[in-house]
Amino acid sequence: MTQRAVLVSLFLLYWPAYGQENKEDLNESARFHSYSSWALPNVELPAHVIAPMGQVTLFADFANASEKGVPLYLVNRSSERLTLNSQDGDIYLKLEFLREDATWQRAQGHIGSGCAHSFGARHLDPGQHMKMSGYHPATGIPAKIRYACYGTEVLISNAAQGFYQPEDIAFSQNDTLTNSLTPSALNQHLGLGDVDPRYISWTDRIAALRLVQVLGGRSGLKAEVEKWRDELSAKDTLTTVESEALAALPVLLAGTWPDVTDPEKLLRHCIELLVSPPKDKTVFGSPENVPSLLWEVLWELMMEPMLGPMLEYPPRKRIPVEAWQPVIKLAAQRLLTLDDRSREMAMKVLKYDRLADEFLTDAEWEPLLLSGVERIVELAATSISRRTRWDRLVELGSKLSAEDQVTVLYALAKGQESKVNTFMDIHGGLRYPEMASPEGKFWQNCMKTSPSRVAGAWHRLSSEMNTVPPYAEELNQYLLDDWKSKISSWDQRKEDFELKSEGDELDDTLDFVMPRINFNGSSSYRYAEDEYASRGQWIVLLQQLVTNRGYQVSGSDPFGAKNQNSREYILRKLAIKALKSLGQPVPENIILEVKAEAPESPAVEAAKPE
């Protein structure tokens, strides 16, 4: 995983619960930051710091503790660079104490950040060390203490006698680090995220709480649940929903609250609720009544294996790959019948290529390809193309609408993305079938029937792959023919008319065409002579569009923008912008926008270039 991916993932992981930061009763331990110094040479390391050769050591200098904390030394005497993620310079070093059951527990809170700029990487090369301070209560409950890194590396210090504060433990049980072990969808429904709890229904809150109990590791939530119970009990009158919630809370409090998180248990529970929901539909806050929450939880659990290797401490259970088979199968089987939110989450599940390729056959993808739902067609086409089943994809794609055929064409062009772009071939890994082959004829048909849509797809391809899209010259000619035909039919109109999708089509067309005909633009590849020759034809077409009568009606603007309910002559706007980019003169006083209720725009014959 790249450093950027690691940082983005950390932000997404810790951000959902950053609402803890806004509490007025912020905990002192959570406010403490172990700011790391710049890397220093080990030759300057104090002699009493114990750091054996050949390894990375976190040394806590308890003998020199002060009101500022315990001096901590992170020493790299290995042969590898150490990369640590940090938040505002803090590498997530937290105080721990030894419990009576011989396990270690965090005794320091953490406040997340809602700003992506807070997160960065700290590097420590061999032969260097960093110095920082560890949180060290002067009083409290005596115990053996140490420091541990709750970030990308397993770093644990030496131990000594010290103190911990019960209120620090209480805070840590519902802080950002603890919340990060729970799917953010559950945190949000419990009011622990950035959503105001007043806007969360009691039904959703109880449903999330039931799932958290199955997951485990959140016994600290009991104090929060007790607050909910007490707040409802203190009200003079309750709604029906509040009464049902108040009845459910004591039962939940009396239930089992496992100390250890078990994501696989939660996964199997979600599947069971989706496949065989309980017959009793009257249980208040039953998660099966919120299927979108179950799918969102499954998707977030799926992301855990990706995030997990970054956060090695504290150790926690992993979900075995084979446990995902029923999830993948169910997502494919029900995708077309799910509600919008559930479908969105199920599609994210199916986009995890490793598991989809592990458990889904081609036969299970094909009905989704033929569904006629654009985003589902795209997902299925991409997956089938990735498997190099291009002949079959062409066969099935030929049965689809023109719009969906372009989606299939895009997937065919990208092919199997495992092919490395060496930049020795101007097509850089994109597929380039023979035009006489069945697939080539499919490509040609797409370019002929939907040239503007293909242009949009090709523009996206060239941006993503930094290369020349295949058959660009042929597409350029199809675009010219298509726009000549459109303009010819429009020239017969004597009055203004409302456009359908032509504005978007011209936008896609120009995105593809302009880099090829604009001599002043930069390009990473050489253009063919016939592409230069088409420049004059495009200029003529654009000049004709400057006086086009087609318009689109602007939608209502909820913020009361002055252009709401107006007619926008979008083809004129795009043509004028393109001509100016090409260094061509444009007529003045061309009307680009008028109020919808105003009379049709006056003729612009006088403005036409001679």
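User: Which residues of α15 are buried?

Analyst: This is a predicted model. In α15, the buried residues are Ile 376, Val 377, Leu 379, Ala 380, Ala 381, Ser 383, Ile 384, Ser 385 and Arg 386. The label requires a relative accessible area under 20%.

User: What covers the buried residues of α15?

Analyst: The cover includes five helices: α12 (340-350), α13 (353-359), α14 (362-369), α16 (390-397) and α17 (402-414).

User: How do you know that the span of α15 is close to the one expected?

Analyst: The helix runs over residues 374-386, 13 residues in all. At 1.5 Å a residue, 18 Å is expected, and the first and last C-alpha atoms of α15 are 18 Å apart. After α15 comes Thr 388, with a positive phi near 65°.

User: Why is the contact of Lys 329 with Glu 364 called a salt bridge?

Analyst: The label asks for a side-chain nitrogen of Lys or Arg within 4 Å of a carboxyl oxygen of Asp or Glu. The closest N and O atoms of Lys 329 and Glu 364 are 3.1 Å apart, so the pair qualifies as a salt bridge. Lys 329 is in helix α11 (residues 325-334) and Glu 364 is in helix α14, so this pair ties together parts 35 residues apart in sequence.

User: What makes Glu 364 partly exposed?

Analyst: Its relative accessibility is 22%.

User: Is Lys 486 buried or exposed, and how do you know?

Analyst: Lys 486 has a relative accessible area of 16%. That is under 20%, so Lys 486 counts as buried. The side chain of Lys 486 meets that of Asp 482 in a salt bridge of 2.5 Å, N to O. The two are four residues apart in helix α20 (residues 472-490), about one helical turn.

User: How many salt bridges are found in the whole structure, and which residues form a network?

Analyst: The search finds 24 salt bridges. Asp 353, Asp 357, Asp 362, Arg 386, Arg 387 and Arg 389 are linked in a network of them. Arg 386 is also one of the buried residues of α15.

Key: Residues numbered from 1 in each chain as written. Predicted model: local features only at pLDDT ≥ 70, side-chain atom pairs only at ≥ 80, totals over all residues. Heavy atoms only, no water. Expected span 1.5 Å × (residues − 1). Buried < 20%, exposed > 50% of the residue type's maximum accessible area, 1.4 Å probe, protein only. Contact = heavy atoms within 4.5 Å.
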